[in-house]
Amino acid sequence: MNWTPLSQNRSDFKPIWATSLPQALNLIKEAVQGERNDELFYDELIKLAPNSEQASIITSIRDDERGHNSMFRGMFKEITGQDITGISSEQYQRISSYEEGLEKALQGELAAVEKYRKIWFGLPVGVYRDTVYGIILDELKHASKYNYLLTLDRTTI
């Protein structure tokens, strides 16, 4: 087979999750504005954990999430010169059980990976993109931890 590679500068290919910088910045803003509800959720889930080992795992995830929010705020400030203000208008929905909370947390981590991939695509190559890649890896690690906790919860019934 004989083929000639296209110049990378001429490619018309566009991934389905391609995002512009303004869209990426808006997604960062949305992610950070949900901080209050995230904190309430983690506090509730930690209290529902059946033992200190499981509470410690959730606490470590919460602490990672606080770091992510801080990094997103820093990136937003450096790129735009503005602070992120305001909080989500969504009402916090309490969870009815530990298992429900773990399932919600797992789905939330997977949804975050989808959102952060869009953010990653909209940022310029360099430290911001690399930082978001690290955050995506953390979200995948969190999803694995929630799967572990769900497995523990379901095998002790």
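How many helices and strands make up the secondary structure of the chain? The chain has five helices and zero strands, where helices (H or I, at least four residues) and strands (E, at least two) are DSSP runs numbered from the N terminus.

The model is predicted: local features need pLDDT of at least 70, side-chain atom pairs count only at pLDDT 80 or more, and totals for chains, interfaces and linings use all residues. Residues are numbered from 1 along each chain as its sequence is written, and side-chain values use heavy atoms, with hydrogens and water left out.

Figure 1. Taken along the principal axes, the C-alpha atoms fill a box of roughly 60 × 50 × 25 Å. Of the 157 residues, 35% count as buried; buried means under 20% relative accessible area, exposed means over 50%, and partly exposed lies in between (1.4 Å probe, protein chains only). Among contacts (heavy atoms within 4.5 Å) between residues at least 6 apart in sequence, 79% join residues at least 24 apart.

**Figure 2. An annotated span covers residues 27-115.** The UniProt record, an unreviewed entry, lists these residues as "domain: Rubrerythrin diiron-binding". UniProt positions are given in the numbering used here, feature names are shortened, and annotations may be inferred rather than shown by experiment. In the model, the span is 76% helix and 0% strand, and its end C-alpha atoms lie 7 Å apart.

**Figure 3. The largest pocket holds about 790 Å³ of space.** On a 1 Å grid over the protein atoms alone, a pocket is an open set of points where a 1.4 Å probe fits, with protein on both sides within 12 Å along at least five of seven lines. Grid points are joined across faces, edges and corners, and the volume is the space filled by probe spheres set on the points. The pocket is lined by 25 residues, each having an atom within 4 Å of a point. The closest to the pocket centre are Ala31, Gly34, Asn37, Asp38 and Gly108. Two or more lining residues come from each of helix H1 (21-33), helix H2 (35-48), helix H3 (52-80) and helix H4 (98-122). H4 gives the largest share, nine residues. By class, the lining has eight nonpolar, nine polar and eight charged residues; Ala, Val, Leu, Ile, Met, Phe, Trp, Tyr, Cys and Pro count as nonpolar, Asp, Glu, Lys and Arg as charged, and the others, Gly among them, as polar.

Figure 4. The 25 residues of H4 should span 36 Å at 1.5 Å a residue, and the end C-alpha atoms are 36 Å apart, which agrees. The expected span is 1.5 Å times one less than the number of residues. Among the buried residues of H4 are Leu102, Ala105, Leu106, Glu109, Ala112, Val113 and Tyr116. An α-helix has 3.6 residues a turn, so residues three or four places apart point the same way.

**Figure 5. Helix H5 contains 29 residues.** From its first C-alpha to its last, H5 reaches 42 Å, close to the 42 Å expected. The buried residues of H5 include Val132, Ile135, Ile136, Glu139, His142 and Ala143, and their cover includes H2, H3 and H4. Lysine 145 also lies in H5 and counts as partly exposed, at 27% relative accessibility. Not counting residues up to four places away in sequence, lysine 145 touches Ile57, Ser60 and Ile61.

**Figure 6. Glutamate 35 is a residue of helix H2.** Its relative accessible area is 23%, so glutamate 35 is partly exposed. Beyond residues up to four places away in sequence, glutamate 35 touches Asn69 and Arg73. Glutamate 65 is 30 residues from glutamate 35 in sequence, and their C-alpha atoms are 9.0 Å apart.

**Figure 7. Lysine 47 and leucine 48 are both found in helix H2.** Lysine 47 is exposed, with a relative accessible area of 71%, whereas leucine 48 counts as partly exposed, at 35%. The C-alpha atoms of lysine 47 and tyrosine 98 are separated by 9.1 Å, although these residues are 51 apart along the chain. Leaving aside neighbours within four places in sequence, leucine 48 is in contact with Ile95, Ser97 and Tyr98. Between leucine 48 and serine 96, 48 residues apart in sequence, the C-alpha to C-alpha distance is 9.7 Å.
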